[in-house]
There are 2 protein chains.
Amino acid sequence: MNQDITKELAVTSPEKIVMLVLDGLGGLPDLNTGKTELETAHIPNLDAIAARGICGLSDPIAPGITPGSGPGHLALFGYDPIVNEIGRGALEATGMDVELKEGDVAARGNFCTVDDKGIITDRRAGRISSEKSAGLCKLLDGMKIGGVDIKIYPVREHRFGAVFSGKDLQTDLTESDPSQTGKAPLEIKALNPKAKLTADIINQFIAKAKDILKSHHPANMILLRGFARKPQLKTMQEIYKLNPLAIAVYPMYRGLARLVGMKIAPTGTTLEDEFKTLKENYNQYDFFFLHIKWTDTAGEDGDFARKVKILEQADKALPVLLELKPDVLVVTGDHSTPAAFGGHSWHPVPVVISAKYCRTDAVKEFSENAFLAGGLGRISAKDIMTLAMANARKLTKYGA
Amino acid sequence: MNQDITKELAVTSPEKIVMLVLDGLGGLPDLNTGKTELETAHIPNLDAIAARGICGLSDPIAPGITPGSGPGHLALFGYDPIVNEIGRGALEATGMDVELKEGDVAARGNFCTVDDKGIITDRRAGRISSEKSAGLCKLLDGMKIGGVDIKIYPVREHRFGAVFSGKDLQTDLTESDPSQTGKAPLEIKALNPKAKLTADIINQFIAKAKDILKSHHPANMILLRGFARKPQLKTMQEIYKLNPLAIAVYPMYRGLARLVGMKIAPTGTTLEDEFKTLKENYNQYDFFFLHIKWTDTAGEDGDFARKVKILEQADKALPVLLELKPDVLVVTGDHSTPAAFGGHSWHPVPVVISAKYCRTDAVKEFSENAFLAGGLGRISAKDIMTLAMANARKLTKYGA
């Protein structure tokens, strides 16, 4: 609903918005020091942004709900992550930079091990190496069955993605993965009559794959699940009348940005490269999504010190961005990944919006605790984009 | 909607949750001292919980809405109290420990006074004593009309409850209470054709009751309203995969807990008894609802000093609970009942969640004002349960 209103009110303006997403930004106190990663890190540039801006904490989905990267980012882009679900197969494709066309059906795949009676003995084929897996994907890639083109691409270890392209393909299908060993892979069944043809084709593909893989123990069979189409999302151009650019090192985030219509900038492999890419493209766009992954990775690894270091590294790189003097600067995360917790968590995420008319508060420090006293209070992440648009004077009045 | 997501994400875990509900917890300042009940009471254990936990204020229904006990508790159990309405008749039955079966229709009843023309002269029959009322209920109890069993049970003074058990009973009925004196009781009418038979049976019952009561002036007639079935609520087992136990001295709260699937522990009549019951049952369950009534009663009576005393009594009993070291401890109320106001009120209710990963804030004192600076901010009461579940590591990630 928030986007229905925004869409009606959005206008173009010369103002530029930069949304800097530090993945997994929020943290928890270290047991020894009692300070969070943000409270520990020396981050003078982020502190200065907090001092200039309006601060708060945001819930990506809802209080208590731990988000995956997909819904976490959709919320930041202003899309209600509960209404706009991304199917598992589509997210896997998105994550591997595979662009789904309208009508394509994507699935998540596993190589698995079956015994001579066809019973699954290992659902992950002994977690074969990514190299081995890539070779096997090549064997299965490029088939055409009943007019349907089948593309297979490696993901990691035993995991791969499958994309079926053809006419009238459906996603109302059961999965072939019985989710346990000691059973044979299940036949894919149509959950409605229209999906019968799709089920037949996928079953034929699985049979052929079994035949091709039979001499490749332990990866002598495949399992498919999470059949999904590219989600039908309105683009950011349609909703916000923005001309948006995404800068992200990891394919998953480029993919998510692409789903909402962003252009993708080629960039390097470091966060410094990403800031440089921002500078180089600054004149051609009016919205920039700059994604920094490694705060999350360090949090996931439970590495408090590394998360602190990456925060400091990002802070040091910030002047390149600040010199561009964006009219609206948003700094936030897609969810918290506290090192003490070692994974994505439900804790609200720090968010700051710095802009000419932002109504600055008294917060001077970029941290979870300091932001409790911020002028934004506790908000829903999907409202951040509306606030950014308002601060960029890109939203007209609602009603007369 | 929050529960749809929670249901998908819920998993069992060894962690235990204790939800301590101090009924009518929130207050208002005493006019002389300027301090609320919580600010006046000496409550070191509650203060310590606030210091360890994450604090905030919650709206049971919505800002400005004063909740009854039913919706107040449904919200605490994570049920949207606006979507999940409990009919008056059903709540009355619940409150008297009367267990409604599927298909039963319950109603609230009043004894009233009618003159010799059948015109109501007193809708409450001079507020006859509960003893007198109980005797009259016995006269009306146990009829069978058209295959429908009719149970009548006393509530308090002129109030009673009626439960109709039979086939195809409906609740789309008008009420017999004209809500004013000087009129005759109304005939019960069916609001749709399917309810015609139910209306007939209830009208026959009222006629018989009138006949039975004619020599019992001032209680010589009855009025019925609030026809309702047992609400169809998913259980906490279904939604949260919890094994929940309720500990409550008053039947209303046991009844509410039963409606959401909780087991009910027999307990004594004091709050100390209730804490003892918690300890005795601690190994057998993973969720505990412990309800303390007397904070509300004192507030309703406008007795500031007594409310303070009961807060202190509860605080003193707390160590029995604290020694159990629950993984997640929630302390809150179902609504505010400020003694200065003398009744349930709309003021947000203090809430604290204490758990390993709760992201403690700087709050050190258990009070309405101190909690304003808390890390939870201002939340909706129905989100408390989601947060408790997250802190107990009983919720998996939403999306990938």
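Begin by selecting A:Arg108 and A:Glu92, whose side chains meet in a salt bridge with 3.4 Å from N to O, a salt bridge being a side-chain nitrogen of Lys or Arg within 4 Å of a carboxyl oxygen of Asp or Glu. A:Arg108 lies in strand 3 (residues 105-114) of chain A and A:Glu92 in helix 5 (residues 88-95) of chain A, so the pair ties together parts that are 16 residues apart in sequence; helices (H or I, at least four residues) and strands (E, at least two) are DSSP runs, numbered from the N terminus.

The model is predicted, so local features need pLDDT of at least 70 and side-chain atom pairs count only at pLDDT 80 or more, while totals for chains, interfaces and linings use all residues. Residues are numbered from 1 along each chain as its sequence is written, chains are lettered from A and ligands numbered from 1 in the order in which they are written, and side-chain values use heavy atoms, with hydrogens and water left out.

Next, select A:Asp149 and A:Lys144, a salt bridge whose closest N and O atoms are 3.6 Å apart. Here A:Asp149 is partly exposed at 31%, and A:Lys144 is exposed at 55%.

Finally, move to chain B and select B:Lys101 and B:Asp104, which form a salt bridge with the closest N and O atoms 3.8 Å apart. B:Lys101 is exposed at 52%, whereas B:Asp104 is buried at 4%.

Definitions and conventions: Buried means under 20% relative accessible area, exposed over 50%, partly exposed in between (1.4 Å probe, protein chains only).
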